[in-house]
Amino acid sequence: KNNSINAKLVLLGDMGAGKSSLVLRFVKGQFLEFQESTIGAAFFSQTLALSDATVKFEIWDTAGQERYHSLAPMYYRGAAAAIIVYDITSTESFERAKKWVQELQKQGNPNMVMALAGNKADLEEKRKVATEEACTYAEENGLFFIETSAKTAINVNDIFYEIARRLPRA
Ligand code: GDP
Ligand code: MG
């Protein structure tokens, strides 16, 4: 028996954290050094086959800028999953990620599968956010946490597989 699941997934996080790059890596296996910043939001879809289910992700890649904040609920409302992305070289982006988590905890779907992605893990020499700190934060807030690099592809597929694994089965 194979479950077929459609899952709306939203990416949230500071501008420049690497949301679009993570999606591009996952959907097309590509990386751009000069990824253009997203205007409003962009839509992608990608299907993952697991042993017990086929998950079709309907992915909303949001812009992240404050001036688009009022649009965010359109993308996270009704979403089955969210990836909140920060850049490990920016404490500011980590603070912004926490704000998104708070907003989702208040306004989002209570059963939402939430992942915290510390992106740009390839830039270890510029790291500002300790793995331990983010890990503790994630545990305290019921998120799962992973460090990723859209550039090297480290843990990018893994984050989507882990979300797929955690989605409720029909
Ligand atoms: P967004 O605003 O969150 O969508 O961020 P983008 O995906 O547009 O990425 C912003 C910039 O960071 C771009 O220049 C990307 O090439 C770069 N970038 C994204 N992910 C990574 C990564 O994992 N490692 C490195 N070194 N650069 C990255
Ligand atoms: Mg973008």
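Select serine 21 together with ligand 1: an oxygen atom of the ligand is 2.6 Å from an N or O atom in the side chain of serine 21. That pair is a polar contact, meaning a pair of N or O atoms within 3.5 Å; within protein, one must be able to donate a hydrogen and the other to accept it, and residues adjacent in sequence count only if both atoms are side-chain atoms. Taken alone, ligand 1 exposes 580 Å², and the protein buries 89% of that (accessible areas by the Shrake-Rupley method with a 1.4 Å probe; for residues, only the protein chains shown count as cover).

A quick word on what you're looking at: this is a predicted model, where local features need pLDDT of at least 70 and side-chain atom pairs count only at pLDDT 80 or more, while totals for chains, interfaces and linings use all residues. Residues are numbered from 1 along each chain as its sequence is written, chains are lettered from A and ligands numbered from 1 in the order in which they are written, and side-chain values use heavy atoms, with hydrogens and water left out.

Now click on glycine 18, where a polar backbone atom is 2.9 Å from an oxygen atom of ligand 1. Serine 20 also has a polar backbone atom 2.9 Å from an oxygen atom of the ligand.

Next, show everything around ligand 1.

Hide the ligand and look at the space it took: that is the largest pocket, with a volume of about 400 Å³. A pocket, on a 1 Å grid over the protein atoms alone, is an open set of points with protein on both sides within 12 Å along at least five of seven lines, a cavity is a set where a 1.4 Å probe fits but cannot get out, and lining residues have an atom within 4 Å of a point. Here 24 residues form the lining, with Gly16, Gly18, Ser21, Gln35 and Lys120 nearest the centre.

Last stop: the largest cavity, about 80 Å³ in volume. Select Thr62, Ala63, Gly64, Tyr68 and Ala72, the closest to its centre among 13 lining residues.

Key. A molecule sits in a cavity or pocket if more than half of its atoms lie within 2 Å of its grid points. Grid points are joined across faces, edges and corners, and a volume is the space filled by probe spheres set on the points.
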